[in-house]
Amino acid sequence: MKLRDSSLFRQQCHVGGHWCDADSGEVIEVRNPSTGERLGSVPRMGAGETHRAIQAANAAWPAWRAATAKERARILRRWYELMVENQEDLAAILTSEQGKPLAEAKGEILYGASFVEWFAEEAKRVYGETIPAHAPDKRIVVVKEPIGVVAAITPWNFPNAMITRKAGAALAAGCPVVLKPASQTPYSALALAVLAERAGLPAGLFSVVTGSATAIGGEMTANPVVRKLTFTGSTEIGKLLMAQCAGTVKKTSMELGGNAPFIVFDDADLDAAVKGVMASKYRNTGQTCVCVNRILVQDRVYDDFAFRLKNAVSALKVADGFAPGAEQGPLIDEAAVAKVEAHIEDALSKGARLVVGGKRHVRGGTFFEPTVLADVTPAMAVAREETFGPVAPLFRFKTEEDAVRMANDTEFGLASYFYTRDIGRVWRVAEALEYGMVGINEGLISTEVAPFGGVKESGLGREGSRHGIEDYLEIKYLCMGGI
Ligand code: ADP
């Protein structure tokens with residue numbers, strides 16, 4: 001990995017303002033998922049180091065919460081600028097450890113930075129309220145206060161942006177953050193810590209602890225000093241962490257799994273719908289929580305749509321993330337490939353038809369052919385579970401009611417999409433979908449200015465937008481009497 005500024009590549013953790021190794025001296029190896037090449041190692045930390053990071057965060061909290069919003073905003077703004085200035089290096093680090101095409105990685109760095117910019121601005125708009133009192137000699141005022149020390153656990157699919165949308169909001173609100181990034185992608189997180197330090201963020205406000213998920217997560221959820229846990233990852237681990245947080249009644253924000261439907265009605269612009277599927281399904285090689293998981297196509301346009309989608313998918317360039325024009329990188333690991341293979345095998349064994357792809361790519365490793373399956377039914381595993389890979393399953397439906405029923409037939413409720421030109425149907429379907437987010441004639445919905453989040457088992461809380469900072473604030477009611 002060639003960097004302009006090699007000091008952005010750190011192989012130590014940042015705990016309470018110090019760069020350090022694990023107490024045990026143990027390390028975790030980090031590899032490039034495209035080549036298998038060893039990139040380096042990071043400390044295998046556990047409960048002890050996490051405890052120290054939490055203590056340092058708590059010690060740094062009073063001064064940070066007392067700082068003016070403008071002062072916090074100034075430092076966050078500088079952090080944002082440094083991310084943008086170092087976009088190339090941050091993207092190279094990201095592609096090396098995660099595998100996504102460099103162009104996508106560069107996009108993620110700007111997307112990630114945009115949350116820090118946004119929350120730097122929102123810091124100054126944490127307004128309280130006054131309430132007409134219930135008695136003549138009383139006055140009621142409501143103020144918003146930072147919740148306290150925040151623990152954050154993030155996944156490998158967006159090694160930069162999943163951190164900034166949490167840390168940007170928490171720090172802007174006046175909260176210190178202790179972060180555990182995914183072990184597959186720690187270097188993007190550590191580079192952010194380097195830049196936070198350079199931006200002038202005081203020691204202890206943004207610690208990064210790598211290592212054992214159970215030991216670090218155990219301390220984060222048990223320690224009473226931590227007032228809030230924010231997590232992005234699987235529903236399974238999210239439930240576990242919520243249960244662990246119950247012991248100290250921590251607030252939680254949970255961005256969990258999805259099972260996104262993408263409905264194509266027979267009046268839709270089919271080329272636009274194919275474009276939407278390509279953007280939503282195949283971004284990050286199908287490894288995002290808002291990736292389309294089920295494509296529901298109305299009877300009359302089903303074959304036409306399948307044909308157009310096949311052509312678009314066949315043209316995708318599968319390559320190492322650093323190769324010019326790369327569109328599909330590798331999957332993150334062997335387990336991810338095994339899940340994709342199992343879903344395809346299950347579907348084919350129950351009567352699905354392979355339209356294109358379907359097997360490991362000739363490049364080897366964890367590369368997989370972009371795949372389209374037709375004649376998929378709700379009885380197949382792809383209908384119920386998040387595939388998290390480049391597989392587009394096509395379901396057939398007859399009426400609008402059928403489509404809505406099928407779309408809502410899941411315990412998840414994160415992103416959903418539909419394509420139609422009928423204004424009445426736009427409103428009916430948008431209101432009927434039990435999802436936190438709805439893309440209407442649009443396959444790309446993520447932006448720092450809008451509230452990202454799910455309902456049902458897809459999670460709690462919202463990230464981005466003016467609502468994102470509320471997740472890190474408590475309401476305090478002041479009642480003044482004797483006036
Ligand atoms: P994914 O399937 O996307 O890797 P996970 O939910 O397994 O999703 O992981 C998301 C994040 O949660 C990662 O940082 C991972 O290390 C962490 N994690 C996994 N298991 C636990 C656990 N038991 N306690 C705390 N964190 C965990």
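Predicted model: local features only at pLDDT ≥ 70, side-chain atom pairs only at ≥ 80, totals over all residues.
In β18, Met 437 is the bridge partner of Ala 415. Ala 415 belongs to strand β17, which covers residues 415–419 and pairs with β18 in the parallel sense over four bridges.

**The seven-stranded sheet**

Let's step back to the whole sheet. Seven strands form an open sheet with mixed pairing, in the order β14-β15-β16-β13-β12-β17-β18. β14 (353–356) and β18 (437–440) each have a single partner strand, so these two edge strands are left with one side that has no neighbour in the sheet. On average, neighbouring strands here are turned by 25 degrees against each other, direction ignored.

Which strands does helix α9 lie across? Helix α9 (residues 270–282) lies across β12 (260–264), β13 (292–298), β15 (371–374), β16 (391–397) and β17, and it runs at about 170 degrees to β12. Helix α10 (residues 302–314) lies across β12, β13, β14, β15 and β16, with an angle of about 170 degrees to β16.

Now look at helix α13, residues 400–408: its buried residues include Glu 400, Ala 403, Val 404 and Ala 407. Met 406 and Asn 408 are buried as well. The buried residues of α13 pack against β12, β13 and β16, and also against helix α14 (423–432). When you view a helix like this, remember that an α-helix has 3.6 residues a turn, so residues three or four places apart point the same way.

Strand β6 (residues 139–146) pairs with β5 (residues 129–131) in the antiparallel sense over three bridges. β6 also pairs with strand β20 (residues 473–480), again in the antiparallel sense, over eight bridges.

**Around the ligand**

There are 16 residues around the ligand, and those that come nearest are Thr 154, Trp 156, Lys 180, Ala 213 and Ser 234.

| Residue | Part with the N or O atom | Distance to a ligand oxygen atom |
|---|---|---|
| Thr 154 | backbone | 2.7 Å |
| Trp 156 | side chain | 3.1 Å |
| Ser 234 | side chain | 2.7 Å |

On its own, the ligand has 550 Å² of accessible area, and the protein covers 78% of it.

Methods: Residues numbered from 1 in each chain as written. Heavy atoms only, no water. Pairing = 2+ DSSP bridges. Axes fitted to C-alpha atoms, helices over the stretch in contact; angles between N-to-C directions. Contact = heavy atoms within 4.5 Å. Near = heavy atom within 4 Å. Polar contact = N/O pair within 3.5 Å; in protein donor to acceptor, adjacent residues only side chain to side chain. Areas by Shrake-Rupley, 256 points an atom, 1.4 Å probe, with all protein chains shown as cover. Buried < 20%, exposed > 50% of the residue type's maximum accessible area, 1.4 Å probe, protein only.
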